[in-house]
Amino acid sequence: MAESNTQTEAGLVALLNDLLQLDHDAVGAYTVAIERVQREDYRQDLIRFRGDHQRHIADLTRLVRAHGGTPMEMPHLPSGAFKLAVQAAGSAGGDRALLLAFKSNEGQVRDKYGRAADGPHPPDVAEVLSRNAADEEKHYRWVSEAVDSMGAGPDTRAGRAEAAFESAHGRMADAMETGERKLMQGASAVRRSTGESPLLPILLGLGILLVLRRILR
């Protein structure tokens, strides 16, 4: 029974850390978008939404610690860098291209939070995940309406191209992050059962980065 409880808590911490890294990914991509967007009203909205992600980071960090884990205070490896690259590439084409790239990134965040919030969780976790998932729905709805107003809605050529990319982007990022999460869960379970240093998940994360860099060359 004790081993089962250890595995359950390790799985919960791995989920929370995965989402924590997801929010770190988002803050980085938002910062790129905020620096390069031209319309001031869009900039102010993006700044406000980045604040939501910063709140998520604070809440998730608290939950990871409350459930006996070590917060992963870093983006995903390497999907966080991929999301930054997507946002930077879109930023070179004006506000419409910037927001289309932003929508692709936000689609993955919204969907991942939605799946996480649907699962059975302790009350403290369920409350935070539900609130965060609602934030992501709001962000995605905002950018969808913005690109639609700029002539890139779902029935346009640009909108259809973005939707196809968003789908592929989400699948690729999810696959990379699932592998990372499984390793983090294993590291967390080992630490709980053996008392190994909490640096172990971080060292494993760095190892993932090195391996994936070789694969993706």
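**Close-up views of a predicted model**

**View 1. Asn132 is a buried residue, with a relative accessible area of 0%.** Buried denotes under 20% relative accessible area, with a 1.4 Å probe and protein chains only. The model is predicted: local features need pLDDT of at least 70, side-chain atom pairs count only at pLDDT 80 or more, and totals for chains, interfaces and linings use all residues. Residues are numbered from 1 along each chain as its sequence is written, and side-chain values use heavy atoms, without hydrogens and water. Asn132 belongs to helix α5 (residues 123-149); helices are DSSP runs (H or I, at least four residues) numbered from the N terminus. Beyond residues up to four places away in sequence, Asn132 touches Arg55, His56, Leu60 and Tyr113 (contact: heavy atoms within 4.5 Å).

**View 2. The largest nonpolar core has 19 residues.** Such a core is a set of buried Ala, Val, Leu, Ile, Met, Phe, Trp, Tyr and Cys residues joined through side-chain atoms within 4.5 Å. Leu16, Leu19, Leu60, Leu63, Tyr113, Val125 and Leu129 touch the most other members. Helices α1 (2-36), α2 (40-66), α4 (94-118) and α5 each supply at least two residues of this core, and the largest share, 8 residues, comes from α1. Apart from this core lies another of 17 residues, among them Ala33, Val37, Tyr42 and Leu46.

**View 3. Helix α3 spans residues 79-91.** Its buried residues are Ser79, Gly80, Lys83, Val86, Gln87, Gly90 and Ser91. Seen down the axis of α3, these fall within an arc of 135°, so they line one face of the helix; the arc is that of the directions from the helix axis to the C-beta atoms.

Methods
Expected span 1.5 Å × (residues − 1). Buried < 20%, exposed > 50% of the residue type's maximum accessible area, 1.4 Å probe, protein only.
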